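Dear colleague,

Please find below the structure that I am handing over to you. A short account of the findings follows it.

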Amino acid sequence: MVMVRNTVDRLDKPSAYFNAAGKRRHQQHNRRDEEEDKPQEPIDDPLKDATTLYVGNLSFYTTEEQVYELFSKCGEIKRLIMGLDRFNKTPCGFCFVEYYTHQDALDCMKYIGGTKLDERIIRTDLDPGFEEGRQYGRGKSGGQVRDEYREDYDEGRGGLGRAIQQEQRLRETERRDVDEGDYGRLK
């Protein structure tokens with residue numbers, strides 16, 4: 001008997017975010033099971049009928065209308081939620097697109113995931129479902145976590161990483177303090 005291996009990844013596989021959260025839940029669950037020695041129940045896959053997509057790597061300047069126009073080509077959109085900076089309420093590079101059917105979400109992942117929108121390659125993942133509060137970035141400053149540690153200039157993501165911007169502001173403040181301290185002295 002010859003084994004045939006798939007060369008194409010499944011489109012409805014869980015996202016990296018979901019897998020990481022699942023590992024944490026599984027580890028906590030295992031600790032409890034060791035104490036109770038119960039047989040484990042199979043975990044139901046929340047993505048098997050998921051109709052929501054997480055869309056990442058969007059430009060900060062991409063509008064809701066642009067996202068709607070692109071994603072409506074794969075099916076009728078139930079709702080679209082743009083990711084916002086928690087404090088400034090400005091777009092911060094991601095959104096959730098909810099379709100009416102699971103098949104429309106899979107088609108979208110297949111045809112739109114990895115394409116360019118506003119000169120940026122977007123990524124799509126199935127999502128277990130939007131809940132209020134998830135539209136905000138999870139970073140300390142209200143935006144995306146990865147933007148705070150970025151070290152390169154990326155105008156589409158709002159320019160320099162926040163860590164670099166903060167360092168520049170600190171240097172400017174120190175320079176101003178030194179310049180003001182020399183005021184009135186002969187050089």
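A disulfide is a pair of cysteine sulfur atoms within 2.5 Å. By this rule, the count comes to zero disulfides. The sulfur of cysteine 74 has its closest cysteine sulfur in cysteine 108, and the 4.5 Å between them is too far for a bond. Cysteine 74 is buried, with a relative accessible area of 14%, and cysteine 108 is buried with 0%; here buried means under 20% relative accessible area, exposed over 50%, and partly exposed in between (1.4 Å probe, protein chains only).

Please note that this is a predicted model, in which local features need pLDDT of at least 70 and side-chain atom pairs count only at pLDDT 80 or more, while totals for chains, interfaces and linings use all residues. Residues are numbered from 1 along each chain as its sequence is written, and side-chain values use heavy atoms, with hydrogens and water left out.

Turning to the fold, four strands form an open sheet in the order S2-S3-S1-S6, with antiparallel pairing. Helices (H or I, at least four residues) and strands (E, at least two) are DSSP runs numbered from the N terminus, and two strands pair if DSSP finds at least two bridges between them. The edge strands, each pairing on one side only, are S2 (77-84) and S6 (123-127). Strand S1 (residues 52-56) is joined to S6 by five bridges; tyrosine 54 has aspartate 125 in S6 as its bridge partner.

The salt bridges come next. A salt bridge is a side-chain nitrogen of Lys or Arg within 4 Å of a carboxyl oxygen of Asp or Glu. A search of the whole structure finds three of them. One joins the side chains of lysine 78 and glutamate 98 (3.8 Å, N to O). Lysine 78 lies in strand S2 and glutamate 98 in strand S3, so this pair ties together parts that are 20 residues apart in sequence. Glutamate 98 also meets arginine 79 in a salt bridge (2.8 Å, N to O). Glutamate 98 is buried, at 12%, whereas arginine 79 counts as partly exposed at 37% relative accessibility. Arginine 123 forms a salt bridge with aspartate 125, their closest N and O atoms being 2.6 Å apart. Salt bridges that share partners join Lys78, Arg79 and Glu98 into one network.

Yours sincerely
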